[in-house]
Amino acid sequence: MPTRLTADQARRIAVAAQGFYQPRPRGPVTRAHLRRLISRIQVLQLDSVSVSVRAHYAPVFSRLGPYDRDVLDRAAWSHTARSPRLLVEYWAHEAALMAVDDWPLMRWRMREYRHGRWGQHIVKKNAKLSEDIVAAVAELGPATAGQIEEYLGAAERGRKGPWWDRSDTKWVTEALFAAGVLTTATRVGFARHYDLTERVLPPEVVARRIDDGDAVRELVLRAAGALGVGTEQDLRDYFRLSPAQAKPAIAKLVADGELEPVEVDGWRGPAYLRAGQTIPRRDRGTALLCPFDPLIFFRPRVERLFDGFKYRIEIYTPAPKRQYGYYVWPLLLDGRLVGRVDLKTDRAGDALHVVGAFVEPGEDQARVAAALSTELRSMASWLRLTDITVGRRGDLAPALRRVVG
């Protein structure tokens, strides 16, 4: 008979697996702290929205507390003999930072994306342009798609604007990134500067070959470690694997004793526990979670873990139709999701602005407001903002305003 877990046990396992049970560093956050965190959660998702702080910075803050973002920038986008590059960009979950040493685990995906992830018809008809871009980058060194296009003398197709207005050069450059021919050497103002992969990553990493089946099994095992406990759908979502990949990988890992089948109260179907995973006895972990935090990547899992907590990103929802706000951070308090807050950085006003604050049904408003206030003060200090302002949206706003002062 499979081991049976209560819903509370599953939630505690999941929160602990994501690093929220670990004490935050007392001193400055170092490269070693970051390396350990990445080995636990595997990826930091990238996103262009910067209404409060860019997504890849937030999970580190949520787990390690206020830190110098230069530590992450140097780990991701610079390389020196004393401080080798620690992270590299690729389509791991979505666009994400992952450990440099794990880059070869994605070679099967690079082959799938040999003509890019989107706009493949554009890439397929532009084989010569692909060759020209590679030659241009070899000559230029790290360069944006615009700089590559200018070097090639290519004409901009359509107006400059969002990704769907890309020129052919941009489409093909992105396809070369997806295929692993190019990677990100650095970012300046969040603009990606491409370079030849062999000039960015260590030669032993570029040369390493891993059997596709072994790579997928390793990714499933990494996902299981990051999740603690999860269904087949949970495990494959973490690295966006297909059912055809995940199911045999899980079966082999179970047969090898790396994963243990378990039943979780209230969950449909089987779940899987990473072998050796301990079951915490009490709830811990308090933090603000950005919309792209690995703990809340997969929304159906969030509902299962956190008492039906329904969470959706409303960025693309017209403002009058938004239920909670544009960029909403759930609040984890002692291992439970108890509220959410729509945040915006107001640099002109030198303040972290709470557009709206909401408490989950049945939660104590005073307790949630006090905890949220503490997290907001920590975040404001981290972002070098001197004030916190609270708007009027949401049932938690009045209580939060009283606590914040």
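**Close-up 1. Strand 3 and strand 4 in a predicted model.** Strand 3 and strand 4 (residues 95-99) run antiparallel and share 5 bridges. Helices (H or I, at least four residues) and strands (E, at least two) are DSSP runs, numbered from the N terminus. Two strands pair if DSSP finds at least two bridges between them. Glutamate 89 faces leucine 97 of strand 4. The model is predicted: local features need pLDDT of at least 70, side-chain atom pairs count only at pLDDT 80 or more, and totals for chains, interfaces and linings use all residues. Residues are numbered from 1 along each chain as its sequence is written, and side-chain values use heavy atoms, with hydrogens and water left out.

Close-up 2. Axes are lines fitted to C-alpha atoms, for helices over the stretch in contact, and angles run from 0 to 180 degrees between N-to-C directions. Contact means heavy atoms within 4.5 Å.

**Close-up 3. The second largest pocket.** This pocket holds about 290 Å³ of space. A pocket is an open set of points on a 1 Å grid over the protein atoms alone, with protein on both sides within 12 Å along at least five of seven lines; a cavity is a set where a 1.4 Å probe fits but cannot get out, and lining residues have an atom within 4 Å of a point. Grid points are joined across faces, edges and corners, and a volume is the space filled by probe spheres set on the points. The lining of the second largest pocket has 16 residues; Arg85, Leu86, Ala99, Val100 and Asp101 lie nearest its centre. Helix 2 (residues 31-41) contributes the most to this lining, with 4 residues. The classes in the pocket lining are 7 nonpolar, 3 polar and 6 charged. Ala, Val, Leu, Ile, Met, Phe, Trp, Tyr, Cys and Pro count as nonpolar, Asp, Glu, Lys and Arg as charged, and the others, Gly among them, as polar.

**Close-up 4. Helix 12 against helix 14.** Helix 12 (residues 212-227) packs on helix 14 (residues 243-255) at about 75°, with the axes 9 Å apart. Helix 12 is therefore roughly perpendicular to helix 14, a label for angles of 65 to 115 degrees; under 35 counts as roughly parallel, over 145 as roughly antiparallel, and the rest as oblique. Helix 12 brings Val216, Arg217, Val220 and Leu221; helix 14 brings Gln245, Ala249, Ile250, Lys252 and Leu253. By class, this contact counts 6 nonpolar, 1 polar and 2 charged residues.

**Close-up 5. Helix 1 against helix 12.** The axes of helix 1 (residues 7-17) and helix 12 are 6 Å apart, and the packing angle is about 110°. Helix 1 is thus roughly perpendicular to helix 12. Ile13, Ala14 and Ala17 of helix 1 meet Gly225, Ala226 and Leu227 of helix 12. The contact of helix 1 with helix 12 has 5 nonpolar residues, 1 polar and no charged.

**Close-up 6. Strand 9 and its partners.** Strand 7 (residues 229-231) and strand 9 (residues 271-274) run antiparallel, joined by 3 bridges. Valine 229 sits opposite leucine 273 of strand 9. Strand 8 (residues 259-264) also pairs with strand 9 in the antiparallel sense, over 4 bridges. Here valine 262 stands opposite alanine 271. The hairpin of strand 8 and strand 9 has 6 residues between the strands, and its glycine 266 takes a positive phi near 90°.

**Close-up 7. The second largest cavity.** The model has 4 cavities of 30 Å³ or more. The cavity lining has 7 nonpolar, no polar and 3 charged residues.

Close-up 8. Strand 12 (residues 336-346) and strand 13 (residues 351-359) run antiparallel, with 8 bridges. Glycine 339 has valine 359 in strand 13 as its bridge partner.
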